[in-house]
Amino acid sequence: MTGKALTGGKKYWMWIILLGAVTLAGSASYLLQLKFGLGITGMGRNVSWGLYISNFTFFVGVAASAVMVVLPYYLHNYKQFGKITVFGEFLAVSAVIMTILFIFVDLGQPSRVLNILRYPSPKSILFWDMIVLNVYLILNLVIGWQTLNAERKSEPQPKWIKLLVILSIPWAISIHTVTAFIYSGLEARPFWLTALLAPRFLASAFASGPSILILLCFIVKRLSGFDAGREAVQKIAQIIAYAMVINIFFFLVEIFTVFYSNVPEHSLSFHLLLFGISGRLMLSPWMWISIFLGWLSAILLVNPQTRKNDTILMAACIAIIVSIWIEKGLGLVVSGFIPSPLGEISKYVPTTHEIAITAGIYGIGLLVLTILLKIAVAVKKEADSS
Amino acid sequence: MLDRRKFLKIAGLSVAGIMLAPTLNIRDETLFANSSKQKPKHYSRKWAMVINLEACAKKPDCRDCIEACNIVHNIPDLSGPKEEVKWIWQTPYIAAFPEHINMVNREEVKNLPVTVLCNHCENPPCVKVCPTKATWKREDGIVMMDYHRCIGCRYCMAACPYGARSFNWFDPRLFLKTVNRGFPTRTRGVVEKCNFCEERLVRGLMPACVEACKENALVFGDLAAIDSDVRKILKQRHSFVRKPHLGAEPKVFYIL
């Protein structure tokens with residue numbers, strides 16, 4: 001099957017070369033970071049996690065969202081998703097690879113990464129996150145590949161694959177729950193110290209990941225003519241609509257407790273995030289963009305008239321991805337560090353190298369996704385025509 | 001290399017011999033009433049520090065303790081606040097004790113410089129989050145760092161409620177004016193923090209900051225020993241710790 005990734009038109013190869021170039025540029029910056037240290041990033045003593053960990057958090061959500069097509073198909077026998085479960089699984093594979101890379105580039109001593117295995121520390125949530133992410137990667141790679149293989153040979157799926165699929169459903173929930181626990185278990189950071197964090201993470205993941213999936217369906221249809229089917233896309237759009245509404249609801253619930261109780265250490269971070277301080281806007285314009293796009297897309301997707309228009313649907317999906325990327329990245333990870341435990345209000349601006357390294361990881365993720373989808377579409381088209 | 005148990009034994013014996021020779025110490029079980037798990041069967045020290053803020057405030061510009069620490073521990077001098085490495089430093093009173101909102105009306109207290117350092121918590125939040133056990137709590141309460149095991153994930157920095165941990169964003173050796181051969185320098189990409197001068201305690205010396213303070217504002221000793229200096233002060237004076245509501249049980253106490 002791998003050979004199918006090597007047969008493509010001019011556009012395909014140009015895209016592959018472009019992604020390769022972005023990855024190379026990112027690698028060059030990473031070499032610099034290895035040589036001089038993480039000081040070349042915008043992170044510092046107070047804001048000690050930045051763009052890398054923000055993206056890590058966002059893409060764990062994207063990875064987890066595969067469950068939104070897998071679950072209806074396998075548990076509720078929703079046939080319309082049959083054509084795209086593999087897309088969901090392959091999207092999860094590339095997203096998990098990105099999350100692992102984002103953690104890796106964030107390490108000060110990457111050569112010692114295996115210390116996590118050499119000195120297993122079950123009290124550390126990062127230890128568990130490493131386990132759930134790696135297992136999830138293997139699960140999706142095996143399931144996606146085997147499903148496709150069975151499809152190619154027009155055979156039914158082997159039984160053990162069904163077992164793995166069933167396992168992958170709670171596993172998807174676990175990767176984002178454990179990732180939320182990294183933050184929500186820290187007594188030092190009142191901004192993160194809320195039991196609502198894991199549910200919020202899941203709701204936002206089930207909006208942002210499937211949005212990417214819808215865009216992928218449109219792109220694949222345009223480029224290869226493979227149609228996931230209107231009904232499937234519309235069903236995903238409905239899932240996104242309700243996930244987004246729940247996400248907004250969770251945010252408002254959080255805001256209520258924070259501002260009504262007005263416990264200073266809780267409300268200060270939220271105040272800084274939404275309004276800035278003494279004339280300095282800080283991250284607040286970003287947050288309001290995120291809130292605006294979130295509400296707008298929720299309205300557009302809940303309303304059947306706008307949802308059924310493909311152009312509006314695509315725009316709404318893009319709006320959701322941007323909204324949740326801001327909310328999870330800047331809004332959640334960076335804001336947790338402002339103010340610092342000693343009340344210092346620091347600024348965080350990612351540097352060019354940091355952005356290049358991040359872009360490089362996007363390049364790798366897209367490269368993996370492109371190749372996997374290329375194979376999947378080729379196999380599916382063959383199976384359709386025979 | 002010494003293993004941890006042997007190391008502790010030597011540390012315990014030598015310090016006991018020099019500092020507390022004449023008295024027989026009885027462990028007070030009521031000390032850590034909140035942490036029932038902290039009840040070793042045999043006697044163990046609990047190192048602690050008391051900082052007298054009035055004594056410290058007598059010389060507002062004094063940096064003796066900070067400089068002594070910096071030299072002894074090869075702490076790099078990176079001027080900017082972004083990459084700065086610090087083990088012991090000063091911060092305004094209200095930043096160290098944000099919950100003491102009642103104190104803002106006392107002008108002389110509000111901006112009183114407070115010396116802060118790692119609290120060597122009884123329930124250290126940094127220790128539980130470390131994915132490689134590169135930071136751990138010894139039996140005598142000192143929260144240690146293994147610079148050779150740390151992978152630089154900085155989870156401990158996110159977890160510390162006191163901002164006591166620093167990361168080496170650059171190669172710290174490039175920013176050292178003098179090198180103390182008696183203490184390791186660090187590499188870039190690892191986290192570090194105050195170690196209560198465990199390398200001096202083992203030789204029967206007081207922590208460098210305590211020794212350097214001419215005002216005797218820093219008092220160090222065994223919290224588990226009923227007649228230690230720290231216990232005596234805590235018995236007589238009203239004392240407080242940073243962010244007690246978090247349950248970390250700091251072992252750096254303040255009196256005012």
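Helices here are DSSP runs of H or I with at least four residues, strands are DSSP runs of E with at least two, and both are numbered from the N terminus. This is a predicted model, in which local features need pLDDT of at least 70, side-chain atom pairs count only at pLDDT 80 or more, and totals for chains, interfaces and linings use all residues. Residues are numbered from 1 along each chain as its sequence is written, while chains are lettered from A and ligands numbered from 1 in the order in which they are written.

**View 1. Helix H1 of chain A and the glycine after it.** Let us start with H1(A), residues 10–36, and the residue that follows, A:Gly37, whose phi is positive, near 105 degrees. The expected span of a helix is 1.5 Å times one less than its number of residues. For the 27 residues of H1(A) that gives 39 Å, and the end C-alpha atoms are 39 Å apart, so the two agree. A:Leu19, A:Gly26, A:Ser29 and A:Gln33 in H1(A) are buried (20 or more other C-beta atoms within 10 Å of a residue's own, the C-beta atoms being placed from the backbone; 12 or fewer is exposed, and in between is partly exposed). The buried residues of H1(A) pack against helix H14 (352–385) of chain A.

**View 2. A:Val62 and its surroundings.** A:Val62 sits in helix H2 (residues 51–64) of chain A. Why is A:Val62 counted as buried? Because it has 27 C-beta neighbours inside 10 Å. Apart from neighbours within four places in sequence, A:Val62 is in contact with A:Leu91, A:Ala95, A:Ser208, A:Gly209 and A:Ile212 (contact means C-beta atoms, placed from the backbone, within 7 Å).

**View 3. Helix H4 of chain A.** H4(A) covers residues 85–106, and its 22 residues reach 32 Å from first C-alpha to last, close to the 32 Å expected at 1.5 Å a residue. Since 20 of these 22 residues are buried, H4(A) is largely enclosed by the rest of the structure.

**View 4. Where H11 and H13 of chain A cross.** The axes of H11(A), residues 284–302, and H13(A), residues 310–334, come within 8 Å and cross at roughly 145 degrees (axes are lines fitted to C-alpha atoms, for helices over the stretch in contact, with angles from 0 to 180 degrees between N-to-C directions). This crossing is left-handed, meaning that the near helix is turned anticlockwise from the far one by less than a right angle. Residues that meet here include A:Trp286, A:Leu293 and A:Leu300 of H11(A), and A:Ile312, A:Ala319 and A:Glu327 of H13(A). By class, the contact has 14 nonpolar residues, five polar and one charged (Ala, Val, Leu, Ile, Met, Phe, Trp, Tyr, Cys and Pro are nonpolar, Asp, Glu, Lys and Arg charged, and the others, Gly among them, polar).

**View 5. Chain A against chain B.** Here 31 residues of chain A are in contact with 38 residues of chain B. On the side of chain A, helix H5 (115–118) and helix H6 (125–152) are the elements giving two or more residues. The largest share, three residues, comes from H6(A). This side has 14 nonpolar, 11 polar and six charged residues.

**View 6. Strand pairing in chain B.** Chain B has 10 helices and 10 strands, and 43% of its 256 residues count as buried. Strands E1 (residues 47–52) and E10 (residues 252–255) of chain B pair in the parallel sense over four bridges (pairing requires at least two DSSP bridges). B:Met49 stands opposite B:Val252 in E10(B). Strand E9 (residues 239–240) of chain B runs antiparallel to E10(B), joined by two bridges, with B:Phe240 opposite B:Tyr254.

Note on methods. Two residues are in contact if their C-beta atoms, placed from the backbone, lie within 7 Å.
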